[in-house]
Amino acid sequence: MNNKLFFHYLSYLQYPFLIGGMYFTFKLNSSEFNFLKALNNMLIFLGLAISFASLQDTNKVSIKFEKKLWENPKFGKIFIRYLTISTLLVLAFGVFGYFISENQNIKEVSFGIIIFGVGLIGMLKTGMEIFENHRKDKNTAKSSINKNEQLTQTE
């Protein structure tokens, strides 16, 4: 089995972690469970789910909307910028809360925020790869260059 296929199958582990994150999301409203503990666990599980989701094959997209988004250079760049800014803000908030705050509750939730931010880094990397693989402006130019090279080699 090749490595790409192995990591593609490994990316399916995102679903159990996503279910775990959803479980703790519902526990946030429960009076029997500590709110901050549930929030921290939710962030950890969602961060792990996003991390495993970033192992998917970047040559394929699953829905038509996603394909249209990544093929359009303008929308793709906007989405990458949005992901970059969001990732940096989440990580900065998590690091700030973990290292600078004196409050133990904030430190605990900040750990979950940092794990979630690490997952967003993986998502950002995957988004960049998907954008490079599917954008029409570069892929059309590359494919026409490759066709021209093939034609000159056969002559």
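What follows is a short exchange on how the features of this predicted model get their labels.

Reader: What makes up the chain, in helices and strands?
Author: There are 7 helices and 0 strands. Read along the sequence, the pattern is α-α-α-α-α-α-α.

Reader: How much of the chain counts as buried?
Author: The share is 32% of the 155 residues. Buried means under 20% relative accessible area.

Reader: Why is A49 called buried?
Author: Its relative accessibility is 6%. The cut-off is under 20%. A49 therefore counts as buried. This residue lies in helix α3.

Reader: How far is A49 from F116, in sequence and in space?
Author: They are 67 residues apart in sequence. In space the distance is 9.1 Å, C-alpha to C-alpha.

Reader: How do you know that L120 is buried?
Author: The relative accessible area of L120 is 9%. Under 20% means buried, so the label holds. L120 is found in helix α6. L120 and V90 are 30 residues apart in sequence and 8.7 Å apart in space, C-alpha to C-alpha.

Reader: Why is the contact of E129 and K125 called a salt bridge?
Author: Their side chains meet at 2.7 Å, N to O. The definition asks for a side-chain nitrogen of Lys or Arg within 4 Å of a carboxyl oxygen of Asp or Glu. Side chains of opposite charge can pair when their charged atoms come close.

Reader: How many salt bridges does the structure hold?
Author: The structure holds 1 salt bridge.

Reader: What separates E129 and K125 along the helix?
Author: About one helical turn, because they are 4 residues apart in helix α6.

Reader: Are E129 and K125 buried, partly exposed or exposed?
Author: E129 has 29% relative accessibility. K125 has a relative accessible area of 45%. Buried is under 20% and exposed is over 50%. Both values lie in between, so E129 and K125 count as partly exposed.

Reader: What makes the nonpolar surface patch?
Author: L5, Y9, Y12, Y15, L18, M22 and F26 make it, with an area of about 730 Å². The elements that give two or more residues are α1 (3–10) and α2. Helix α2 gives the most, with 4 residues.

Reader: How much space lies in the largest pocket?
Author: About 610 Å³. It is lined by 27 residues, and the closest to its centre are Q14, A53, Q56, E66 and I130.

Reader: Which elements give two or more residues to the lining of the largest pocket?
Author: They are α2 (14–27), α3 (35–53), α4 (64–71), α5 (73–99) and α6 (104–134). Helix α6 gives the most, with 5 residues.

Reader: How do the residues of the pocket lining divide into nonpolar, polar and charged?
Author: The lining has 16 nonpolar, 8 polar and 3 charged residues.

Conventions
Residues are numbered from 1 along each chain as its sequence is written. This is a predicted model: local features need pLDDT of at least 70, side-chain atom pairs count only at pLDDT 80 or more; totals for chains, interfaces and linings use all residues. Side-chain values use heavy atoms; hydrogens and water are left out. On a 1 Å grid over the protein atoms alone, a cavity is a set of points where a 1.4 Å probe fits but cannot get out, and a pocket is an open set with protein on both sides within 12 Å along at least five of seven lines; lining residues have an atom within 4 Å of a point. Grid points are joined across faces, edges and corners, and a volume is the space filled by probe spheres set on the points. Ala, Val, Leu, Ile, Met, Phe, Trp, Tyr, Cys and Pro count as nonpolar, Asp, Glu, Lys and Arg as charged, and the others, Gly among them, as polar. Patches are made of residues with over 30% relative accessible area and no salt bridge: like charges are joined within 9 Å, nonpolar side chains (Val, Leu, Ile, Met, Phe, Trp, Tyr) within 5 Å. Accessible areas come from the Shrake-Rupley method with a 1.4 Å probe; for residues, only the protein chains shown count as cover. Buried means under 20% relative accessible area, exposed over 50%, partly exposed in between (1.4 Å probe, protein chains only).
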